[in-house]
Amino acid sequence: AFVVTESCIQCKHTDCVVVCPVDCFREGPNFLVIDPTECIDCAVCLPECPEEAIFAEGDVPEGQRDFIALNALLAKHPNWAPITELKAPLPEHEKWSQVVNKRSHLDR
Ligand code: SF4
Ligand code: F3S
């Protein structure tokens, strides 16, 4: 499956969700995940993300591999609903785009 990684946190542009043919993105307060049980590995979402947050599972960088399990876990979170339509990015996305270590800011 494809995986959303740290760069998405506090940005959440949502360009990715529009193109997914199987609607497998799930939305939390300041991050999205991909449900790995539904993703068909089509790769069309990858180039859509302005933060380059999306990777094929095998290409997730060292130091971000825990996001593979995190996508699976949060996809089943009762409050994380499917998202299929574009919305405005989070208001401080420009500031957060520059931040490299922000996983402690992930809200569930
Ligand atoms: Fe959806 Fe395809 Fe991206 Fe998987 S790889 S999340 S199926 S757009
Ligand atoms: Fe996040 Fe990028 Fe999608 S910032 S919401 S993975 S377009």
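# Two ligands and one chain

Student: How do the residues of the shell around ligand 2 divide: how many nonpolar, polar and charged?
Tutor: Eight are nonpolar, two are polar and four are charged. Ala, Val, Leu, Ile, Met, Phe, Trp, Tyr, Cys and Pro count as nonpolar; Asp, Glu, Lys and Arg count as charged; the others, Gly among them, count as polar.

Student: What kind of model is this, and how is it numbered?
Tutor: This is a predicted model: local features need pLDDT of at least 70, side-chain atom pairs count only at pLDDT 80 or more, and totals for chains, interfaces and linings use all residues. Residues are numbered from 1 along each chain as its sequence is written, while chains are lettered from A and ligands numbered from 1 in the order in which they are written.

Student: Back to ligand 2. Which residues come nearest?
Tutor: Cys8, His13, Cys16, Cys49 and Ala53, out of 14 residues around ligand 2. A residue is near a molecule or strand if its C-beta atom, placed from the backbone, lies within 6 Å of it.

Student: And which come nearest to ligand 1?
Tutor: Phe2, Cys20, Cys39, Cys42 and Cys45, out of 13 residues around ligand 1. That shell has 12 nonpolar residues, no polar ones and one charged.

Student: Let's zoom out. How many helices and strands does the protein chain have?
Tutor: Three helices and five strands. Helices (H or I, at least four residues) and strands (E, at least two) are DSSP runs, numbered from the N terminus.

Student: What's the order of the elements from the N terminus on?
Tutor: The protein chain runs β-α-β-β-β-α-β-α. The radius of gyration of the chain is 12 Å, close to the 13 Å that the globule rule gives for 108 residues, so the chain is as compact as a globular protein of that length. That radius is taken over C-alpha atoms, and the rule is 2.2 Å times the number of residues to the power 0.38.

Student: What does the C-alpha trace span?
Tutor: About 35 × 30 × 30 Å along its principal axes.

Student: How much of the chain counts as buried?
Tutor: Of the 108 residues, 33% do. Buried means that 20 or more other C-beta atoms lie within 10 Å of the residue's own; exposed means 12 or fewer; partly exposed is in between, with C-beta atoms placed from the backbone.

Student: Which residues are buried in α2?
Tutor: In helix α2, residues 66–75, they are Phe67, Leu70, Asn71, Leu74 and Ala75. Seen down the axis, they fall within an arc of 125°, so they line one face of the helix. The arc is that of the directions from the helix axis to the C-beta atoms.

Student: Why would residues three or four places apart point the same way?
Tutor: Because an α-helix has 3.6 residues a turn.

Student: What do the buried residues of α2 pack against?
Tutor: Against β1 (2–4), β2 (25–27) and β3 (32–34). Contact here means C-beta atoms, placed from the backbone, within 7 Å. The face of α2 turned away from its buried side carries the exposed residues Asp66, Ala69 and Leu73.

Student: What about the sheet, which strands form it?
Tutor: Three strands form an open sheet in the order β3-β2-β5, and the pairing is antiparallel. β3 and β5 (81–82) stand at the edges with a single partner strand each, so one side of each is left without a neighbour in the sheet. β2 and β5 pair over two bridges; strands pair if DSSP finds at least two bridges between them. Glu27 stands opposite Ala81 in β5.

Student: New topic: Phe55. Where is it found?
Tutor: In strand β4, residues 54–56. Phe55 counts as partly exposed, with 18 C-beta neighbours inside 10 Å. Not counting residues up to four places away in sequence, Phe55 touches Phe2, Val3, Thr5 and Val60.

Student: Which residues have a positive phi although they are not glycines?
Tutor: Asp41, at about 60°, and Ala43, at about 75°, are examples. Asp41 is in the loop between β3 and β4, and Ala43 is found in the loop between β3 and β4 too. Asp41 is exposed, with 9 other C-beta atoms within 10 Å. Ala43 counts as exposed, with 11 C-beta neighbours inside 10 Å.

Student: And Pro91, buried or exposed?
Tutor: Exposed, with 9 C-beta neighbours inside 10 Å. Pro91 is found in the loop between β5 and α3 (93–97). Its C-alpha atom is separated by 8.6 Å from that of Gln10, 81 residues apart along the chain.

Notes: Two residues are in contact if their C-beta atoms, placed from the backbone, lie within 7 Å.
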